[in-house]
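Work each one yourself before reading its solution.

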Amino acid sequence: MNAMSFSDMGLAALKRRQFDAAINMLRQAISEDMDNLDARFGLARALHEKGSIVEALGEYRTVLQSDAGHEECLYHIARALLENSDPRGALNHVDIILRTKPTDPDLLTLRGQALLDLDQSETALSSLQTAAHHSPGSETIHRLMAACHRANDDIEGERRAVEQLLRIDPTSLTASNDLGVINLREGHLIAAFEAFEQILSQSPDHCEATLNRAITLTVMGGMDHQAIWARVMEVCRDFDDLDEIRALADDLAKLADDKRQDSKEAKALIALAALATSGI
């Protein structure tokens with residue numbers, strides 16, 4: 001079997017998201033033809049999608065050494081750099097493509113995310129607003145815009161961004177959860193509770209809503225604390241810092257119901273309410 005055959009089969013496996021098979025075949029293709037850029041870029045994509053970011057970056061860079069203007073490679077290396085905690089590198093790569101595609105919403109979104117990670121939330125917001133103009137209704141864009149407002153302690157701006165997403169997609173559980181978190185932070189406990197209850201009626205194992213409902217009920221008081229948090233420990237067992245969150249909840253539960261909402265324990269627990277992880 002020649003290198004082109006391995007390349008074709010590997011790229012077909014990549015399209016089917018069969019990443020291990022793609023990696024094996026594309027590496028074979030490259031071993032027989034080091035200059036096969038399609039195979040090398042495909043290998044980088046397969047490694048990237050599998051989560052092998054450092055290896056993927058090495059292959060992306062090899063492609064760019066041969067073809068510095070490879071726009072798709074520039075885009076994906078920017079994504080990989082962002083995932084590898086290098087927003088400055090990501091920004092440098094995405095800005096190269098934006099010179100020729102200044103209104104591309106995917107590029108503008110990636111640029112906004114990199115700027116947000118660089119603590120340049122106002123510039124990030126401008127990029128994301130332009131992206132939203134060219135791609136209305138994108139959950140990712142609206143959630144990143146909400147994150148920009150949150151970084152500026154602009155809770156009303158954050159609320160507007162999430163509410164706009166809900167108007168565009170009233171079925172979005174992600175937006176419903178995030179609006180519930182905003183209400184929880186603002187002390188609107190009933191509205192927050194209703195949001196999380198609605199989500200769980202549709203998706204009983206929704207991790208963020210399960211945790212946030214428990215936080216809300218603990219702040220409100222008057223509920224079966226142990227049963228509520230036993231459910232959290234079951235559904236949310238993969239959450240980071242879950243033991244710390246549970247300990248804070250237990251401390252808050254020791255206070256009388258009418259003393260909870262304004263306590264330092266409640267503020268600490270509410271600060272750990274979970275925004276949805278999907279969409280960004």
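The exercises below use a predicted model.

**Exercise 1.** Work out how the axes of helix α10 and helix α11 are arranged, and which residues meet.

*Solution.* Start by finding the two elements: α10 covers residues 155–168 and α11 covers residues 173–185. Next, look at their axes, which come within 9 Å and cross at roughly 155°. Angles over 145 degrees count as roughly antiparallel, and therefore α10 and α11 are roughly antiparallel to each other. Their crossing is left-handed. Now list the side that α10 brings: I155, E158, R159, V162, E163, L165 and L166. From α11, these meet A175, S176, D178, L179, I182, N183 and R185. Sorted by class, the contact holds 7 nonpolar, 2 polar and 5 charged residues.

**Exercise 2.** Decide whether E59 is buried or exposed, and find its contacts beyond four places in sequence.

*Solution.* First locate E59, which lies in helix α4 (residues 53–66). Its relative accessibility is 18%, so E59 counts as buried, the cut-off being under 20%. Then set aside neighbours within four places in sequence: E59 is in contact with R40, L43, A44 and L47.

Definitions and conventions:
Residues are numbered from 1 along each chain as its sequence is written. This is a predicted model: local features need pLDDT of at least 70, side-chain atom pairs count only at pLDDT 80 or more; totals for chains, interfaces and linings use all residues. Side-chain values use heavy atoms; hydrogens and water are left out. Axes are lines fitted to C-alpha atoms, for helices over the stretch in contact, and angles run from 0 to 180 degrees between N-to-C directions. Helices (H or I, at least four residues) and strands (E, at least two) are DSSP runs, numbered from the N terminus. Angles under 35 degrees count as roughly parallel, over 145 as roughly antiparallel, 65 to 115 as roughly perpendicular and the rest as oblique. A crossing is left-handed if the near helix is turned anticlockwise from the far one by less than a right angle, and right-handed if clockwise. Contact means heavy atoms within 4.5 Å. Ala, Val, Leu, Ile, Met, Phe, Trp, Tyr, Cys and Pro count as nonpolar, Asp, Glu, Lys and Arg as charged, and the others, Gly among them, as polar. Buried means under 20% relative accessible area, exposed over 50%, partly exposed in between (1.4 Å probe, protein chains only).
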